[in-house]
Amino acid sequence: MPGRFADFFRLAGGLLYWNTRKSWFQLRRGRSPCPCQSPSDSGRAFETQCEASLHWASAERFRRVCPLLVQTPQGWRCSVHTADVRPFWGRAFGYYGGALAAIYLTGVLCVFTFLRLVGYPVNVFHVAWPPAWHRVGEARGWFFMEKARRAFAANRPSEAVLYLSNAYEFDPSNYDVGLTLAKTLQSGQPVLSNRVYANLLHQHPARRDDTAQVWFRALLARGDFEAISVLAHDEVLAGGQHASAWMRALVFAARQSRNDAALRTLRESTSPAAMPWRPLLDTELLLHAGHTVEAHTFLTQGDWRRVPLYGIYYQVSQLTEMNDVFAALDLLAQKGTAIDDETRVALQLAAYARQGADRPLRQLVSQLLAAELNQPVIKLLSAQLIRWPDPAFLARLYARFRAEKIPFNTDTAGAYFSLLCAAGVNADWPMFSELRATITERAGASAGFLAELEDFFRGRSSATRITALLPGLPLPLEVNYALIERYPGAAAPAVSPSKPRVDSAPVLSLSNGPALSPSQSPAVSLPKPRPSDGTGKNNP
């Protein structure tokens with residue numbers, strides 16, 4: 001037995017060693033001595049001993065290296081003359097190749113068995129065929145993704161996050177796994193979440209729009225306005241179909257952070273995607289510098305014809321904020337057909353509230369509530385009530401909401417939470433309690449978190465920014481905008497129902513122009529407004 005083992009290792013090395021020496025012997029053609037025949041013999045066939053086989057335990061096993069060795073009555077002899085000694089590389093490659101194939105197949109079977117025992121959904125082809133090896137990573141990613149789903153279902157979030165991290169590590173090309181991980185980490189580990197989102201943008205350019213939108217919502221909810229500025233700046237320069245929505249995000253983030261660096265960089269850009277935005281950027285930079293009069297001139301006299309659709313929203317809303325409501329409504333009447341119904345009605349509501357024009361405001365609200373109440377309308381009116389609190393208006397909306405008997409589910413959660421926030425802003429605590437009870441009962445929401453939200457609206461919370469709570473609220477984008485605008489810093493005390501809290505603004509008198517009458521209120525047709533998710537070209 002020891003001799004067999006020794007010959008096995010002699011074979012492993014001898015195939016290479018003796019074939020190399022024989023090749024050199026053939027190359028030298030008689031100028032070098034034969035490496036394997038005994039030099040004391042004649043060198044003739046069947047008479048010359050094989051010196052190379054003398055050290056083997058069995059000379060017969062040497063035939064695996066050189067088949068020229070044959071058995072004769074005198075013993076083992078070389079079957080060719082010295083000049084005909086030659087290498088057998090084919091035999092060597094055959095043994096080496098066979099050994100490697102056997103080792104490889106053994107490894108494949110071992111790895112395949114192990115992976116199947118663990119639970120990875122792979123087949124032997126995925127393990128054996130190198131071009132299919134990426135399928136093993138995908139299978140491992142799927143395996144850990146399934147474990148993460150089960151952990152989430154069992155209310156074990158820490159374990160689920162660990163499984164998600166493993167799934168993304170094993171299969172970084174899986175977009176759904178990466179997106180789920182980024183969403184899960186966005187509240188507790190925002191830095192890591194941002195890194196995953198950035199990787200998704202880079203690795204999946206075909207899904208850039210979807211990734212950027214989800215990332216933006218996460219950044220907005222937690223108030224990371226510097227990151228929003230960078231993201232929105234890049235998306236505007238990308239020149240996609242949602243450029244208007246990204247410009248709105250950039251303007252909003254720059255105002256909240258009081259940092260106009262991204263605006264200036266975009267203004268100085270010579271990119272074709274940036275050029276149409278210059279009138280808007282010039283106006284916004286003037287506002288950041290405090291030059292309100294010059295900005296008003298840009299709004300009313302500048303050339304805005306090449307500015308994309310958000311330019312209309314920007315002009316009208318900015319003129320409204322400057323108390324030039326008549327100019328805002330006149331501009332809206334001229335260009336309002338270019339934007340969607342939802343955006344146009346939101347601008348009208350804001351203009352009437354700023355002016356204090358109760359009759360046209362209530363007429364417009366009545367038209368909205370007369371049709372079937374749907375989620376876009378609830379979102380629109382909730383955002384309006386957050387920006388311009390009006391308890392009587394809220395009571396009408398909530399009465400209509402209750403009459404519709406809208407069920408609470410995944411699709412309608414945004415409407416319920418929007419009304420909850422509107423009730424908190426308007427200090428309607430009975431409504432807030434009723435909505436909170438419904439949400440807690442049907443969604444299993446944390447009663448403690450909703451109590452903390454109520455404390456914030458009552459002005460007795462330790463949180464200083466609404467963005468401390470927004471990540472836990474499934475709110476529409478417009479409602480997030482409204483809440484951040486209203487509570488950019490410290491939590492403000494809730495308004496009294498008898499005295500709605502509104503931004504102070506002088507009501508336009510007759511000296512500024514004719515007063516608006518109800519008949520002058522623009523007609524509204526909003527049975528089913530298109531959702532304003534902040535990403536559509538008509539939803540700045």
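## Aromatic pairs

Searching the whole structure, which is a predicted model, turns up 25 aromatic pairs. Take Phe8 and Phe9: their ring centres sit 5.4 Å apart with the planes at 80 degrees, so this pair counts as edge-to-face. The cut-off for that label is over 60 degrees. As for cover, Phe8 and Phe9 are both exposed.

Further along the chain there's a cluster to look at. Phe216, Phe225, Trp246, Phe252 and Tyr481 group together as one aromatic cluster.

## Arginines over rings

Tyr481, one of the cluster members, also has a charged neighbour: Arg248 lies over the face of its ring, 4.1 Å from the ring centre.

Trp429 has an arginine too. Here it's Arg458 that lies over the ring face, at 4.1 Å from the centre.

## The hairpin

Now for the strands. S1 covers residues 69–72 and S2 covers residues 75–78; they run antiparallel and are joined by four bridges. Together S1 and S2 make a hairpin, with two residues between them. If you want a spot to start tracing the pairing, go to Thr72, whose bridge partner in S2 is Gly75.

## The chain as a whole

What about contacts along the sequence? Counting those between residues at least 6 apart, 61% join residues at least 24 apart.

Conventions
Residues numbered from 1 in each chain as written. Predicted model: local features only at pLDDT ≥ 70, side-chain atom pairs only at ≥ 80, totals over all residues. Heavy atoms only, no water. Contact = heavy atoms within 4.5 Å. Pairing = 2+ DSSP bridges. Phe/Tyr/Trp six-rings, centres within 6.5 Å; stacked < 30°, edge-to-face > 60°. Buried < 20%, exposed > 50% of the residue type's maximum accessible area, 1.4 Å probe, protein only. Lys NZ or Arg CZ within 6 Å of the ring centre and 35° of its normal.
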